[in-house]
Amino acid sequence: MSVYSLITRRRSIRRFKQTPIPFDTLKKLVDTARLAPSATNMQPLQYIIIDDKDQVNALFGHTQWARLLPNNSGRPAEHQQPVAFIVILANKALETAWTNHDVGAAVENMILAALEEGIGSCWIASVNRPYVTEAFHIPENFKVDSVLGLGYPDEDPVAEPLTQSTDYYKDDKGRLHVPKRSLDEVLHHNGF
Ligand SMILES: Cc1cc2nc3c(=O)[nH]c(=O)nc-3n(C[C@H](O)[C@H](O)[C@H](O)COP(=O)(O)O)c2cc1C
């Protein structure tokens, strides 16, 4: 699939089949993050692959999913949890004013490379950082940025034109709808 097709088809996935992801595939995702653009080429980011079932389950308990949906209905059920996480870390000694931008580029690389392998993902910033720091023995000079939840998709969310609210919602069949601003709204040409 072309990069353009991957980008336009990508949606955050929060329901996963319980099929494991091969470790080599997870490594390949981190390799795409490693090669992402980085301000002044400082490359402050490191990554932990978590694919041990018990560790994935424990970390899952310290993440929050689709908080805009009512009654915690965006949280994956036990049989639909991610099968792996990638923890994104920033080395404090190498941080620049642009480290957040580095994270964005690196994580999007992983998201798109995963999708090419048929793997869905959800980038999770709502994670209990003190828990991650302790549970995964993160050295003091590293900051936990966020985590990427991964697994083969068990849902098919759809993007649609934004009419009123930016809030995503589920229809009566349980399908997630994600309103997106139109190209006309966000695009300017030769001046605002
Ligand atoms: C920096 C960042 C942090 C996010 N954190 C969470 C999160 O903690 N939990 C969650 O369920 N989704 C999280 N998301 C996913 C967004 O909710 C999602 O991207 C948005 O609803 C648009 O849906 P789409 O990714 O399908 O286009 C995050 C996305 C970004 C870019």
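This is a predicted model: local features need pLDDT of at least 70, side-chain atom pairs count only at pLDDT 80 or more; totals for chains, interfaces and linings use all residues.
Which residue in E7 is the bridge partner of Glu-160? Residues are numbered from 1 along each chain as its sequence is written, and side-chain values use heavy atoms, with hydrogens and water left out.

View 1. The side chain of Arg-14 places an N or O atom 2.9 Å from an oxygen atom of the ligand. Gln-64 uses a backbone N or O atom, 2.9 Å from a ligand nitrogen. A polar backbone atom of Ala-125 is 3.0 Å from a nitrogen atom of the ligand. Alone, the ligand exposes 620 Å², and the protein buries 72% of that (areas by the Shrake-Rupley method with a 1.4 Å probe; for residues, only the protein chains shown count as cover).

**View 2. The shell around the ligand.** There are 15 residues around the ligand; Arg-10, Arg-11, Ser-12, Ala-66 and Lys-180 come nearest. A residue is near a molecule or strand if one of its heavy atoms lies within 4 Å of it. The shell has 8 nonpolar, 3 polar and 4 charged residues. Ala, Val, Leu, Ile, Met, Phe, Trp, Tyr, Cys and Pro count as nonpolar, Asp, Glu, Lys and Arg as charged, and the others, Gly among them, as polar. Strand E3 gives the most, with 3 residues. Helices (H or I, at least four residues) and strands (E, at least two) are DSSP runs, numbered from the N terminus.

**View 3. An open sheet of 3 strands.** The strand order is E5-E7-E6, with mixed pairing. Strands E5 (158–161) and E6 (169–170) stand at the edges with a single partner strand each, so one side of each has no neighbour in the sheet. E5 and E7 run parallel, joined by 4 bridges. Two strands pair if DSSP finds at least two bridges between them. Pro-179 in E7 is the bridge partner of Glu-160.

**View 4. Thr-40 in a loop.** Thr-40 is not a glycine, yet has a positive phi of about 50 degrees. Its loop runs between helix H2 (23–34) and strand E1 (45–50). Thr-40 counts as exposed because its relative accessibility is 65%. Buried means under 20% relative accessible area, exposed over 50%, partly exposed in between (1.4 Å probe, protein chains only).

Methods. A polar contact is a pair of N or O atoms within 3.5 Å; within protein, one must be able to donate a hydrogen and the other to accept it, and residues adjacent in sequence count only if both atoms are side-chain atoms.
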